[in-house]
Amino acid sequence: MNAVWTLLRQHGGQLLWGLLVLFLGAALLRWWMGPLVQTETVQRRDLLQTVVASGRVETPHRVNIGAQITGTVARVPVTEGQTVKAGDVLIELVGTELQSARRQAQQAVVQAQNRLRQLVELQGPVVLQTLRQAQASLDTAQASWQRNGALFEQGFIGQAALDESRKALALADAQVLAAQKQVTSTRAGGAEHSLALGAVTEAQANAEIVNAKVRYAVIQAPANGQLIGRHVEVGDVVQAGKVLMTLSPEGAMQLVVQIDEKNLRLMALGQQALASADAYPQQPFKAQVGYINPGINAQTGAVEIKLDLLEPQHNLKQDMTVSVDLVVARKPQVLALQVGHVNEISGASPWVWLLQAGHAVRRPVRLGLRGGVWVEVLEGLREGDAVIALPAALREGQRVRTRF
């Protein structure tokens, strides 16, 4: 031990200088070799470009339900959120006056039909019999006129008797004509028959109008679905046309999202998407673009897109919030690089640091499809090139070291 201390006292200065020279040499070597960097090899990969959007679940349409007549609400047998079937009663209005009007209208139809039946079954045969009697009287008057004419020429009767015979013939002829008109009027197509038939038609039309109003007093569900809105209570006086309930019909649901207008050029019908409801983020489902609104919202600069579900999703409810990843472009096996390794990627002249023979070389690149954290390289790089991934402040041509 004493010998070691003696050696250190004799040669300590030399050892210190040696260590210092060694340290300085190592530092100089590291400076000469350049900073330590990490590289990424340019490789081919499948690239997807997506557009992320959010929206809501909607059915293709909604039905606003209201009254067609003015009235007082007597009964509302359903509640908001309830599932109903087509034909289920949703609202009933007080119908006392309408029922009375319907009975009056039905009675008017019966009276008009009786009048028509009386015309056909009673009055028709009577006027026909009258015509036959008038024809018989005409035949008698005709024979009497001919006989009196012969007697007058022979001098057996005077002018007065002949004139009476002529008057009787004219009267009988007029009676036949009147009877014929009555028969024609009472037959189908005649004036009286047409009037009676028109009265029946008018009464039936009035009855149909009243019956329709009676039906309007009971408002039924037009289709199967869920009531997502109710704005009426018993005792309310409602006006025709006022929305009282909103029905969401059963059917294929859609996702309605808004995308920025700058992405409109990327959209096309049939594009695939992966969506998830905010209430069930761990249950993604597939959808596809089924509608692209041709207009743009002037206030928000957004375009409305509707997506159809590819499979039924029983967890989805009306107006649920959903997030959607739209696949707007797909390229298989393209040269790709991580977005973070490209400098001035949003500028006119993007570039990367390329490792060549241990030196950092600035290389301009032309980019293509951008999908998530990856971007397609169209020009400037080849497969297998090493791009400096985490450069410090580098200089053109600077020597660099890589991790092994």
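Gly-241 lies in the loop between strand E10 (237-238) and strand E11; helices (H or I, at least four residues) and strands (E, at least two) are DSSP runs, numbered from the N terminus. At 63% relative accessibility, Gly-241 counts as exposed, where exposed means over 50% relative accessible area, buried under 20% and partly exposed in between, with a 1.4 Å probe and protein chains only. Gly-241 and Asn-64 are 177 residues apart in sequence, yet their C-alpha atoms are 9.7 Å apart in space.

The model is a predicted one, in which local features need pLDDT of at least 70 and side-chain atom pairs count only at pLDDT 80 or more, while totals for chains, interfaces and linings use all residues. Residues are numbered from 1 along each chain as its sequence is written, and side-chain values use heavy atoms, with hydrogens and water left out.

**The chain as a whole**

The protein chain contains four helices and 22 strands. Of its 404 residues, 32% count as buried. Among contacts (heavy atoms within 4.5 Å) with a separation of 6 or more, 73% are between residues 24 or more positions apart.

**Strand E11 and its sheet**

Strand E11 belongs to an open sheet of four strands, ordered E4-E11-E9-E6 with antiparallel pairing. Two strands are taken as paired if DSSP finds at least two bridges between them. Strand E4 (63-66) and strand E6 (83-84) stand at the edges with a single partner strand each, so one side of each has no neighbour in the sheet. Within this sheet, E9 and E11 are joined by five bridges, and Gly-225 has Pro-249 of E11 as its bridge partner.

Ser-248 is also placed in strand E11. Is Ser-248 buried or exposed? Ser-248 counts as buried because its relative accessibility is 6%. Apart from neighbours within four places in sequence, Ser-248 is in contact with Thr-59, Asn-224, Gly-225, Gln-226, Ile-228 and Gln-318.

**Strand E15 and other pairings**

Six of the eight residues of E15 are buried, so this strand is largely enclosed by the rest of the structure. E15 pairs with strand E12 (residues 254-260) and is also joined to E14. Elsewhere, strand E7 (residues 89-93) pairs with strand E5 (residues 71-75) and with strand E8 (residues 218-220). The table gives the bridge counts of these antiparallel pairings.

| Strand pair | Bridges and sense |
|---|---|
| E12 and E15 | seven bridges, antiparallel |
| E14 and E15 | five bridges, antiparallel |
| E5 and E7 | two bridges, antiparallel |
| E7 and E8 | three bridges, antiparallel |

Asp-260 has Ala-302 of E15 as its bridge partner, and Tyr-291 is partnered by Lys-306 of E15. Val-73 stands opposite Leu-93 in E7, while the bridge partner of Val-89 is Gln-220 in E8.

**Pocket and cavity**

Rolling a probe the size of a water molecule over the atoms shows where empty space is left. On a 1 Å grid over the protein atoms alone, a cavity is a set of points where a 1.4 Å probe fits but cannot get out, whereas a pocket is an open set with protein on both sides within 12 Å along at least five of seven lines; lining residues have an atom within 4 Å of a point. Grid points are joined across faces, edges and corners, and a volume is the space filled by probe spheres set on the points.

The largest pocket holds about 470 Å³ of space. It is lined by 19 residues, of which Glu-250, Gly-251, Met-253, Gln-313 and Leu-316 are the closest to its centre. Strand E9 (225-230), strand E11 (243-249) and strand E15 (302-309) each supply at least two residues of this lining. The lining divides into six nonpolar, nine polar and four charged residues; Ala, Val, Leu, Ile, Met, Phe, Trp, Tyr, Cys and Pro count as nonpolar, Asp, Glu, Lys and Arg as charged, and the others, Gly among them, as polar.

One cavity of 30 Å³ or more is counted, and the largest cavity has a volume of about 50 Å³. Ala-277, Tyr-280, Gln-283, Phe-285, Gln-313, His-314, Asn-315 and Leu-316 line this cavity. Strand E14 (residues 280-292) gives the most to the cavity lining, with three residues. By class, the cavity lining has four nonpolar, four polar and no charged residues.
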